[in-house]
Amino acid sequence: MEKEIRRHFSKIGFAYLAGSIVIYAVQFLASMVGKKFVPGVMADANGSFIVLMLTMYGISMPFMGWLVSRIPAQKIEERKMTAGQWIIAFLMCYGLMYAGNLIGTALTFGIGMVKGTGVDNPLVSTVMQLNPRVTFIIAVLIAPTAEELLFRKLLTERIVKYGELAAVLASGLFFGLFHGNLNQFSYAFLLGLFLGFIYVKTGKLRYTIGLHMAINFIGSSLGTWMLRVTGYMDTMETLTEFLNTKNLAVLADLGNGIVGMFIFGSYASLILMMAGAGLILTWLNRKKFVCCAPEEKVASLGKKKAAVMIGNPGILLYGAFWIGIMIWQLLQ
């Protein structure tokens, strides 16, 4: 029985590992072909982003999904959520994501201090260069749908027979590692845990897709739109220049951005209140985060069950692949 369980988890790990390798291979090939035949497209931030994302979500991730779908699964019983429950879940989801982002930022800041150079968050620098429509279509519509299918439905349904807790933990860990950098891992891991819990308790993918879309909309589309429309970044640069030079002439430019700063400050305050409310709700509802015990054949492994589920070639190599990517990114 132990060998059967170890083999099952190893197959899952190898499927996600193979899909991850294909993502990098296909994107590298698309980048090379694009630079040769359509260099103008690849030189543009929007063009290159579209090419790379479409190859990932249109070719590589469907291939990964096909590999995972070949592994035996157990369907999760469907249960309904009310609109009120979904809204509460959204606030909790956002609070956890925000807390995870703060943890990731603190960790990367600390590593940057040790390195002597900062550690960039590639997501922030990329999104700020993109057309808002491109960001919305890919980050808000396409990515949540594909990722929820892969890391909630396909993954949890292949693990839940060994216990809801194992399925939820795998959902968070696989999803967090897949983001490939420490900053995003921190919040994607917590987000993946929460969405995994929602899915194993409801069996309805539309709930987690909706939550994921809402989170991405606020974090990417709405956030970057507010930065642009309020001129927040320009005002902060002007303020920095004034503090460094003490040039009173700069104050005139600073005054033009006061209204924008006020609007962005109000938006940021609302975001903080949402995150705070979400964390409070998470704490108040903490006793509801109960996952059923695994089947008796898994429970019979006792303390060995974690080692059996994790200590197999597929899971270990998937983890090693993405941890290697994270370390490489931190060293840049």
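Is K204 buried or exposed, going by its relative accessible area?

**Whole chain**

This is a predicted model. Show the protein chain as a cartoon. Its secondary structure comes to 15 helices and zero strands. Now colour by burial. Of the 332 residues in the chain, 47% are buried. Take the contacts between residues at least 6 apart in sequence: 82% of them join residues at least 24 apart.

**Into the core**

Hide the surface. The largest nonpolar core has 78 residues. Within that core, Y16, F174 and Y318 have the most contacts. Select helix α8 as well: α8 gives this core its largest share, eleven residues.

**Salt bridges**

Side chains of opposite charge can pair when their charged atoms come close. A search of the whole structure finds seven salt bridges.

Start with E78 and K204. Their side chains meet in a salt bridge at 3.2 Å, N to O. The pair links distant parts of the chain, 126 residues apart. E78 lies in the loop between α3 (45–69) and α4 (83–115). K204 lies in the loop between α8 (182–202) and α9 (205–230). Here is the answer to the opening question: K204 is buried, because its relative accessible area is 10% and the cut-off for buried is under 20%. E78 is partly exposed, at 43% relative accessibility.

K75 is exposed, with 59% relative accessibility.

Move to K201 and E164. Their side chains meet in a salt bridge at 2.8 Å, N to O. This pair too joins distant parts of the chain: K201 sits in helix α8 and E164 in helix α7 (residues 164–178), 37 residues apart. K201 counts as partly exposed at 23% relative accessibility. E164 counts as buried at 12%.

Finally, select K75, E78 and K204 together. Salt bridges that share partners join these residues into one network.

**Back to the surface**

Select L29, V33, F37, V38 and V41. They form a nonpolar patch on the surface, and together they have about 460 Å² of accessible area. Which helix supplies the largest share of the patch? Colour helix α1 (residues 2–37): three residues of the patch come from there.

End on L29. This residue is found in helix α1. Is L29 buried or exposed? L29 is exposed, because its relative accessible area is 54% and exposed means over 50%.

Methods: Residues are numbered from 1 along each chain as its sequence is written. This is a predicted model: local features need pLDDT of at least 70, side-chain atom pairs count only at pLDDT 80 or more; totals for chains, interfaces and linings use all residues. Side-chain values use heavy atoms; hydrogens and water are left out. Patches are made of residues with over 30% relative accessible area and no salt bridge: like charges are joined within 9 Å, nonpolar side chains (Val, Leu, Ile, Met, Phe, Trp, Tyr) within 5 Å. Accessible areas come from the Shrake-Rupley method with a 1.4 Å probe; for residues, only the protein chains shown count as cover. A salt bridge is a side-chain nitrogen of Lys or Arg within 4 Å of a carboxyl oxygen of Asp or Glu. Helices (H or I, at least four residues) and strands (E, at least two) are DSSP runs, numbered from the N terminus. Buried means under 20% relative accessible area, exposed over 50%, partly exposed in between (1.4 Å probe, protein chains only). A nonpolar core is a set of buried Ala, Val, Leu, Ile, Met, Phe, Trp, Tyr and Cys residues joined through side-chain atoms within 4.5 Å. Contact means heavy atoms within 4.5 Å.
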